[in-house]
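Try each task yourself before you read the solution.

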Amino acid sequence: MKITKHKKTRKYMSFYINNFGFREPLLVLIDGSFCHAAYKVRLQIEEQLKKYFQCEVKPIVTACIITETDNLGPAFIGTSQLLKKFLVHRCGHEKRPLDGAACIKAMTKTCHYIVATQDRALQEWVRGNPGIPLFYLHNGSVPTLVQPSEVHRQAAADGQKNRVGIRELDQKMIQALKAKEGITVPETPVRKKPKKPKNPNPLSCKKSKKKKNDVTIGRNESDGKPATVGDSGIVKKTSRKRIKLPKHVIEHLKVSNAAQNKGSN
């Protein structure tokens, strides 16, 4: 279980190191709510942070966070004393102290911090602002680094695109320098590929079927062959097949015709 937890922690921190410039020692900004939850379960914050991240870690606080905890009353005296043991970073609000959440929001704009808090409103703000890891005590006792949210991942993807490609500002500067020096890049005309003649659709090239609407109406007066009337009303001749007779039949017919002619004479 611990091996899996450490793998996830290294994976999440590698994401912030590669995309948002985090470096060791890791700075963990602790607010009063996180310190109070750790104080109730007797959690050694600095020791547990080093075991969890398996690298050099520095827990830090600000004067605004300490002042806010002092003003919460006697129930938070132990929490306030625990906060004062950590390294205090200058936040610039010494003359006009802010509440802890507002001070943390201002601090994360200028430096890379891991925010450790139990405040739900502050946790939602951290999830919606890219480049800020969120750390809290799950169920009040289990140290947990939250997985990067979708907002953080989208910001990292956009940053990678900007690093690979030319920024819009750089592109404008390049165009301005070219115009100043009189450098013009001739635009190469885009050649269109000649269209090849397409073959006709084989379905449209089918021969039309002939309609058998011709009706035989009789024989032609000139040659005695049968004639037909088509759709257009024109009389068409139809060919008639000739039947060939054998030679012996033809000879027999000739002889019989000659005998009949003699008898008639």
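**Exercise 1.** In which helix is Glu150 found? Then decide whether Glu150 is buried or exposed, and work out how far its C-alpha atom lies from that of Arg127.

*Solution.* Keep in mind that you're looking at a predicted model.
- Step 1: look for the helix that covers residues 150-164; that's H8, and Glu150 is found in it.
- Step 2: check the relative accessible area of Glu150, which is 58%. Exposed means over 50%, so Glu150 counts as exposed.
- Step 3: go back along the chain to Arg127, 23 residues apart from Glu150. Their C-alpha atoms are separated by 8.6 Å.

**Exercise 2.** Find the cavities of 30 Å³ or more: how many are there? Say which residues line the largest cavity.

*Solution.* 
- Step 1: count them, and you get one cavity of 30 Å³ or more.
- Step 2: look at the space in the largest cavity, which comes to about 40 Å³.
- Step 3: pick out the lining, made up of Phe34, Leu43, Ile45, Gln48, Leu49, Phe135, Leu137 and Pro143.
- Step 4: sort that lining by element. Helix H3 (45-53) and strand S5 (134-138) are the elements that give two or more residues, and H3 has the largest share, with three residues.
- Step 5: sort the lining by class, and you'll find seven nonpolar residues, one polar and no charged ones.

**Exercise 3.** Now turn to the second largest pocket. What is its volume, and which elements give two or more residues to its lining?

*Solution.* 
- Step 1: the volume of the second largest pocket is about 240 Å³.
- Step 2: 13 residues line this pocket, and those closest to its centre are Leu43, Gln44, Ile45, Leu82 and Lys85.
- Step 3: helix H2 (32-40), H3 and helix H5 (77-83) each give two or more residues to the lining.
- Step 4: by class, the lining of the second largest pocket holds six nonpolar, three polar and four charged residues.
- Step 5: look back at the largest cavity, and you'll spot Leu43 and Ile45 in its lining too.

Note on methods:
Residues numbered from 1 in each chain as written. Predicted model: local features only at pLDDT ≥ 70, side-chain atom pairs only at ≥ 80, totals over all residues. Heavy atoms only, no water. 1 Å grid on protein atoms, 1.4 Å probe; cavity = no way out; pocket = protein on both sides within 12 Å on 5 of 7 lines; lining within 4 Å. Points joined across faces, edges and corners; volume = space filled by probe spheres on them. Helix = DSSP H or I, 4+ residues; strand = E, 2+ residues; numbered from the N terminus. Nonpolar A, V, L, I, M, F, W, Y, C, P; charged D, E, K, R; others polar. Buried < 20%, exposed > 50% of the residue type's maximum accessible area, 1.4 Å probe, protein only.
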